[in-house]
Amino acid sequence: MTEQKNIPGHIAIILDGNGRWAKKRGRPRSFGHRAGTDATRRIVQYCGELGVRILTIYVFSSENWRRPPLEVTMLMRLLIEMVRREIRELNKNNVRLNAIGDLSLLPGKTREVLEEGIRNTSANTGLVLNLAISYGGRAEIVSAVQSIVRDCLKAKVKPANINEELVGQYLYTAGMPDPDLLIRTGGDLRISNFLLWQCAYTEFYFTPVLWPDFDRSHLDEAIDSFQRRERRFGKIMES
Ligand code: IPE
Ligand code: IPE
Ligand code: MG
């Protein structure tokens with residue numbers, strides 16, 4: 001069990017390694033994605049218990065649309081299955097579901113079930129489970145720029161008033177604090193277009209553990225590492 005004080009308020013996770021996990025077992029990639037949903041359930045539950053306020057999980061990137069159509073279809077179906085199956089559990093644990101990304105690209109049914117899940121958990125006041133789906137950091141910034149320009153043309157925004165705070169209000173994460181801790185599983189050391197704006201001062205934690213194997217003890221290790229760090233935000237610490 002990790003130290004209860006200084007728990008990161010917002011944890012973001014790039015879940016990676018499902019395909020490799022399946023390959024090691026001589027099974028199709030879909031087997032790994034399915035096993036990955038068990039890890040997601042474990043970690044959502046644990047974050048709720050730890051008192052994390054927001055958990056943002058990268059489940060499907062803008063770039064993942066370029067995977068073979070069969071894998072994409074399978075992932076979209078899995079999403080429906082997972083939201084449907086977990087709704088009761090989320091409500092029991094007071095978890096509010098939210099989604100960030102370009103949801104207009106999702107197949108109708110996936111979007112419908114996701115929005116239903118968001119509606120059905122909207123009164124919950126505990127952990128916010130933020131699923132990044134069809135999400136890309138650059139696409140998010142482009143979409144914010146378009147909306148800001150539109151509002152400038154409508155004279156709702158003055159160009160001189162565009163600042164970091166205003167830009168933040170046009171992102172999918174409007175109203176949410178930036179992530180304190182970003183975890184990437186699967187051993188790759190990159191951000192893969194995740195939360196580019198929001199991670200300006202986020203602490204990064206990379207682990208070779210493949211997502212289906214990621215459990216409470218691995219999250220403890222990540223949080224312990226976070227708790228040992230000194231966040232300076234460009235300043236210097238007075239001794
Ligand atoms: C992460 O696992 C899940 C998604 C990106 C949808 P991968 O499918 O990327 O698994 P690897 O990286 O190929 O092992
Ligand atoms: C990042 O994983 C995206 C998600 C976890 C949804 P990828 O497997 O798509 O990333 P790359 O291609 O290795 O950078
Ligand atoms: Mg991957």
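# Exercises on annotated sites and helix packing

Asp16 lies in the loop between strand E1 (10–14) and helix H1 (18–24); helices (H or I, at least four residues) and strands (E, at least two) are DSSP runs numbered from the N terminus. The model is predicted: local features need pLDDT of at least 70, side-chain atom pairs count only at pLDDT 80 or more, and totals for chains, interfaces and linings use all residues. Residues are numbered from 1 along each chain as its sequence is written, chains are lettered from A and ligands numbered from 1 in the order written, and side-chain values use heavy atoms, without hydrogens and water.

**Exercise 1.** Describe how H3 and H4 are arranged.

*Solution.* Step 1: the axes of H3 (residues 69–92) and H4 (residues 108–120) come within 9 Å and cross at roughly 15°. Axes are lines fitted to C-alpha atoms over the stretch in contact, and angles run from 0 to 180 degrees between N-to-C directions. Step 2: H3 and H4 are therefore roughly parallel, the term for angles under 35 degrees. Step 3: H3 passes H4 in a left-handed crossing, in which the near helix is turned anticlockwise from the far one by less than a right angle (clockwise for right-handed). Step 4: the contact (heavy atoms within 4.5 Å) includes Met76, Leu79 and Ile80 of H3 and Val113 and Leu114 of H4. Step 5: its residues divide into seven nonpolar, four polar and two charged. Ala, Val, Leu, Ile, Met, Phe, Trp, Tyr, Cys and Pro count as nonpolar, Asp, Glu, Lys and Arg as charged, and the others, Gly among them, as polar.

**Exercise 2.** Describe how H2 packs with H3 and with H7.

*Solution.* Step 1: the axes of H2 (residues 29–50) and H3 come within 11 Å and cross at roughly 30°. H2 and H3 are therefore roughly parallel, and their crossing is right-handed. Step 2: the contact of H2 with H3 has six nonpolar, five polar and eight charged residues. Step 3: H2 and H7 (residues 216–227) pack at about 50°, with axes 10 Å apart. Step 4: the crossing of H2 and H7 is right-handed.

Note on methods. Angles under 35 degrees count as roughly parallel, over 145 as roughly antiparallel, 65 to 115 as roughly perpendicular and the rest as oblique.
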